[in-house]
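Subject: Structure for you to look at

Hello,

I am handing over the structure below, with notes on what was found in it. Please keep it open while you read.

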Amino acid sequence: MHERLSFYLKRDSLLHSLNPLTKLTLAFGLTFVAFLSPWYWTPQFVVLIIIIPLSILGRIQREYIFTALRLILPATAFLFVMQALFQPIGKTIIFQFWFLHITRESLSFAFANASRIFAMISSFTLFLLTTHPSELMSDLTRRGLPSQFAYVIISTIQIIPQMQSKAQTIIAAQRSRGLETEGSIFKRIGALVPLVGPLVFGSLVEVEERAIAIEARGFTSTRKKTSLREIRDTGFDKTLRSILVLMVLVIIVLKIRAS
Amino acid sequence: MKIIDSIKKDFNTMTWVLIPVAIAINVVIGEIVVQLKLPVYLDSIGTVLVAVLCGPWAGALTGTLSNTIWGLLIDPNALPWWPVALFIGFVAGWCARGGLFKSWWKAAITGFLVALTAALVSTPISVYIYGGITASGSSFLTAYLLQTGQSLLPAVLITNNIVEPFDKISTSLLAFAIIQGLSMRFLARFPRSENVQIEGGITRNQIYIAVGVVIVVIALYVLVIAKLISH
Amino acid sequence: MAIVNLKQVTYTYPLTDTPALSKVDLQIKEGEFLAIIGPNGSGKSTLCYTLAGFIPHFFKGELEGSVEVAEVETKSSTLNEWVMNVGLVFQNPFNQISGAKYSVFEEIAFGLENLGVPREEINPRVEQALIMTGIDDLAERSPYSLSGGQQQRVALTSILVMQPKVLVLDEPTSQLDPIGTREVFGVIRSLAERGITVVMVEHKVEWVAQFADRVVALYEGQVLMDGKPREVLTSDQLVGKGFGISRYTSTAREAARRGLWPKKSELPVTLDEAITGFKK
């Protein structure tokens, strides 16, 4: 179920050299456009005419397409089917199975909905592929995000894989001691506690020492924190962000006028 | 200002260190449950732990971050549900502050209240993003249930009304059991350790057994209903 | 000039009755290398936490007496300020990695960032610290990809870069394998030789005997002995109390009782001394 935990790919590209906040604004901007625009074909437009060319610009086109086909498409396809079957709108029944039916209207709605989600996930994938988490955090901290948040986010991203492998170790160890993880639902429920227990307790007792360790490094210092990395924010970045915000506002206006 | 002070109190260094661990716990237990093919999520145990030990604001933050990170890095379908995760932490935190985590049955009540909130908050999200399909809820839910071998329609029906309380009460009880297993000396480090001054001591094994019994009873109940519906 | 001054320090953890430290008097001179030994529960870690300011600021509880470092008393200071003067490294290397950084270089810079050191100063200080502890080849690696010994050296470097006046080490090698232990001891020794004030809790007495200037033996929260390594480590006062006495010392002591050890000589602590002694 889980892919590798960090999407970031280090490349030398136009997108990579943009300020992280700009890329984040881009992701949000494209998402808002895809969701709010009154034109039916907006999401497809966003993906084909904006995202794919951008991915080429970011030299990550191969990885993006791969992710799109392997992850995004199946997820949204599933959603599409669910919506087509269960949306109780429309009269023109196209397909009927047992008590489930697909109407032309529900098909159209499902397609629109799924496309929007596809566009949203795509734009964030673009962001994740070209932005290193620590870069983003450094930039946000510089702009006023409390440093504790940066600590929490990056710490979480790094700890999750550690804990996942700890969990696999515990599962293997308990299995070798005879724990059954397959079979009747009762067996499986009973397996939960011997797996969860060691994992959780082991991790929680470390919390105290880790708190002492970061205190010893001045984590709660009230001085104004500085940053080792310098993240560039060019005029181009600022302009681009303004354009994106403007674009979203325009779309909102259009949407209000169209309804 | 009282609210700002209340927020600040939730966060000491132990809180900041606990949150990443709690989110990792959310993720990993959520995955174990999938591996064991159980009809629950159990992906908020960490959130509840933070909420009880540190307070509602810390709990809300944990839920939100947990959901966001999960959504961005594991399964994007989870992203729109961040308010649900936020409220799970928030409500659990307030219940604990109201003394509703000091014993077994109180923790179960907390779980139930959290479940109600989760159902309440997820409805508008369901409506806006997925077009108000009360039957299917979200692909997230349905995917889990399909994996446990239930057939589609009854699975979806059961979900919204039973799995949520089931899931959240179990989550609450497991969180309670975990806290019971930690020494008071350790718990005292957290900002709101007064939430867990337990009334009457119980051994760790007894708790594990009791949790197991409760889960088994509820599981039986669910299975009976499922059998009845599919006939 | 005493840089550390403990007077009649008594401390009891919250929710406990017996004090972990009892009327401890201790002065440490600048540049001294002080080793602390003691059985489990004798208050060694408590003493480390007290020196590092975590008692009373992190652990609460009752602290009596006076704790002074660089003429500042702990009660009139905050933990933030204290950590700038006293650095703490403890046993578990993994728990000392912040998790907030992706490379060793940045990990070491973390403390300086928190203290608001200007960017232009951070880079050279980190580079210097890396060289001082011999881990400059690890600078670009992820802290999580390192061995225990390497991680411990990173932890040490991360604290050193903050230029504390006193460095406190609580059993820094007890969770390391022999290679890791050797690496860490090597670094500590070179730091002591540079004149950094070091306080180290350590079980491996043979090593302590060779390199420490002074040894303090703690027993049940009190200072049992305080003096030169040879005197303390071979003293009869340590016998039967759970101290990890060097086996060479115990062997020679037993030998002396049977008349096989030259009466006038001191008891040995290390292998070499034992060999020399037995030859006579």
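**Two helix pairs**

In chain C, α4(C) passes α5(C) in a crossing that is right-handed. This is a predicted model, so please read what follows as a description of that model. Helix α4 of chain C covers residues 104–114 and helix α5 of chain C covers residues 119–132; their axes come within 10 Å and cross at roughly 120°. That angle makes α4(C) oblique to α5(C). On the α4(C) side the meeting residues are C:Phe105, C:Ile108, C:Ala109 and C:Leu112, and on the α5(C) side they are C:Ile122, C:Arg125, C:Val126, C:Ala129 and C:Leu130. Sorted by class, this contact has eight nonpolar residues, no polar ones and one charged.

The other pair is in chain B. Helix α2 (residues 13–35) of chain B packs against helix α4 (residues 56–73) of chain B at an angle of about 45°, and their axes are 10 Å apart. Because of that angle, α2(B) counts as oblique to α4(B). The crossing of α2(B) and α4(B) is right-handed. From α2(B) the contact takes B:Thr15, B:Ile19, B:Ala22, B:Ile23, B:Asn26 and B:Val27, while α4(B) gives B:Ala58, B:Thr62, B:Leu65, B:Ser66, B:Ile69 and B:Trp70. Eight of the residues in this contact are nonpolar, four are polar and none is charged.

**The sheet in chain C**

Chain C has an open sheet of six strands, in the order β6-β7-β8-β3-β9-β10, with mixed pairing. Strands β6 (86–89) and β10 (222–227) of chain C are at the edges and have a single partner strand each, so one side of each has no neighbour in the sheet. On average, neighbouring strands of this sheet are turned by 20° against each other, direction ignored.

Inside that order, strand β3 (residues 33–37) of chain C and strand β9 (residues 214–219) of chain C run parallel and are joined by four bridges. C:Ile36 stands opposite C:Val216 in β9(C).

Helices also pack here. Helix α7 (residues 178–193) of chain C packs on the sheet and touches β3, β7 and β8 (197–201) of chain C, with its direction at about 145° to that of β8(C). Helix α6 (residues 148–160) of chain C lies across β6 and β7 (166–170) of chain C, and runs at about 170° to β6(C).

How is chain A divided? It has domain 1 (20–131 + 233–258) and domain 2 (148–215). The centres of domain 1 and domain 2 of chain A, taken over C-alpha atoms, are separated by 36 Å.

The contact between chains B and A takes 45 residues from chain B and 51 residues from chain A. On the chain B side, the elements giving two or more residues are α2, α4, α7 (139–147) and α10 (204–230) of chain B. The largest share of that side, 17 residues, comes from α2(B). By class, the side of chain B that touches chain A has 34 nonpolar, eight polar and three charged residues.

Between chains A and C, the contact takes 28 residues from chain A and 31 residues from chain C. Helices α6 (147–176) and α7 (185–215) of chain A each supply at least two residues of the side that touches chain C. That side of chain A has ten nonpolar, ten polar and eight charged residues.

Regards

Methods: Residues numbered from 1 in each chain as written. Chains lettered and ligands numbered in written order. Predicted model: local features only at pLDDT ≥ 70, side-chain atom pairs only at ≥ 80, totals over all residues. Contact = placed C-beta atoms within 7 Å. Nonpolar A, V, L, I, M, F, W, Y, C, P; charged D, E, K, R; others polar. Axes fitted to C-alpha atoms, helices over the stretch in contact; angles between N-to-C directions. Parallel < 35°, antiparallel > 145°, perpendicular 65-115°, else oblique. Left-handed = near helix turned anticlockwise from the far one by under 90°. Domains from an automatic or database assignment. Pairing = 2+ DSSP bridges.
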